[in-house]
Amino acid sequence: MKRNILLSRNISKFIGVFLLFTLTSCSPTPASPAPTEAIQPPSETPLPATEITIPTETIIPTPSPIPMERAQYTLFAILDYAAKKVEVEESILYPNKSGETLNDLLLAVEPNYWPSGFVLHEIFVDEVPANYTLEGQRLIIPLTTPLTPNQSIEINLRYTLNLPFAEQGDPSVIRARIYGYTNRQVNLTNWYPFVVPRQNGEWILPEPWYFGEHLVYDAADYEVNFKTNDPAVVVAASANAESNAEWTRYKLEAGRAFVLSASPEFKVFSTEVGGIRVYSYYYPLFEIPAEEVLNVTAKAIELYSQLYGPYPHKSLSAVQGDFNDGMEYSALYFQSHGFYNTYDGTAQNYLTFVSAHETAHQWFFESVANNQADEPWLDEMLCTYSERIYYENYHPEAINWWWAARMFDYTPNTWVDLLVSENPTERAYWGSSYFHGAYFLEELRARIGDEVFFAFLKDYRTQNAQKIGTGDDFFRILREHTKVDFSDLTIKYFRAPH
Ligand SMILES: [Zn+2]
């Protein structure tokens, strides 16, 4: 039944493209790809062939395959808000950009960490039912026909997500999760299977640790069609909403992790900065901190766009979490509920600097990704230091306060470049990746000067945009910008030689 929907969508797509080429064949240059708006929403009934009139003299061009730079994810998801259940149909067009022939695919399936959390009904590869193994977060699909370099493959999945109660510190999961539901919201984070990056002949899917993040993402294009059975529910997402018949459609180009957050209680403030739509989703009675989140986010977008290069998407949503944790995703971040409670109306508080921090992740995490398990310092160090840059530009009188408040309880007897899993506690993890990293950047900046420092940061972002940056990239590009000797700093802060 549902598979028929997938098939009929494919048929509709084909007919849509077919019609487009037929109808525009009189135009001198009809070769642009079919706009997705021309694709019909899922329909049980394919368009009858009799509706297509083909003049006998018309030459129907054969659509030539468009070389794909990135994987393309198309999802249709229906949220039953009361039942905390999501029905999903997902299509992945995956181009093999690894340079090697692939005999299998590895997809990350985070919802499968919960018992009955991920119920897979069907999986097809190029329209043929596929064999697979699913264990923990690892969905392995052996390919009957190896996938050669630059060849693409289509994977179709249909599944049900039974959302877990996202209890902080839940011992049944390895880390307090955001994914799932709370009393006041449903959060779909890392909720769909995705093909993990392939590097040096290996699939990259680290295991989670008790704190920090572990996933590594290729950039991919997303079209997410979403609806819920509860008309009161307000939805925050990784892209601006648009209408697609009975669906709400979101499109995100070159994103890492498409996220939705839904609550019947959400209110929203919105503004625009440099053509970027900024949203602040919040709960009633939190108008004042929600406005601060909106303003800090907009100002940070403006500042970081100047310093690091253009913001990578068309929107950014800040969402008040119904939990005490901040977290970044594509064009959306969660802000810790506790910081709304403690906001005192000044700029000298956690709500302000964590908003600046999470916004910076849209450059370092989102535009330039990194291995969050093995090199968490790459994005966390840069985003923590971006807080300092935010303050020096907008609240220079608060710089000393920021260093003291942010580095509270920090001891420098560590290395910046520890794996997440090498830290005994979350506090130690912040100390190494975030705080020690920020001190390194402060000393580096003083050594090489502001002009070189910011030219380097912009170049690090530019050279690695839509890629997965590494520590080696960081230091290689840094040395392209300066001949100043900073080897004593790398010896002081880093375990690995740089
Ligand atoms: Zn961070």
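A residue is termed buried if 20 or more other C-beta atoms lie within 10 Å of its own, exposed if 12 or fewer do, and partly exposed in between, with C-beta atoms placed from the backbone. The structure is a predicted model, in which local features need pLDDT of at least 70 and side-chain atom pairs count only at pLDDT 80 or more, while totals for chains, interfaces and linings use all residues. Residues are numbered from 1 along each chain as its sequence is written.

Confidence is expressed as pLDDT, the predictor's score for each residue from 0 to 100. The protein chain averages 87, and 85% of the residues score at least 70. Over residues 1-59, however, pLDDT stays under 50. Where pLDDT is low, the predicted coordinates should not be read in detail.

Helices (H or I, at least four residues) and strands (E, at least two) are DSSP runs, numbered from the N terminus. The elements discussed here are as follows.

| Element | Residues |
|---|---|
| Strand β7 | residues 138-147 |
| Strand β16 | residues 241-244 |
| Strand β17 | residues 247-255 |
| Helix α4 | residues 350-360 |

Leu 147 belongs to β7 and is buried, with 21 other C-beta atoms within 10 Å.

Strands pair if DSSP finds at least two bridges between them. β16 and β17 run antiparallel and are joined by 4 bridges; Glu 242 has Arg 249 as its bridge partner in β17. The two strands form a hairpin with 2 residues between them, and Ala 245 in the turn has a positive phi of about 55°.

Helix α4 is largely enclosed by the rest of the structure, because 10 of its 11 residues are buried. Among them are Phe 353, His 357 and Glu 358.

Note on methods
Two residues are in contact if their C-beta atoms, placed from the backbone, lie within 7 Å.
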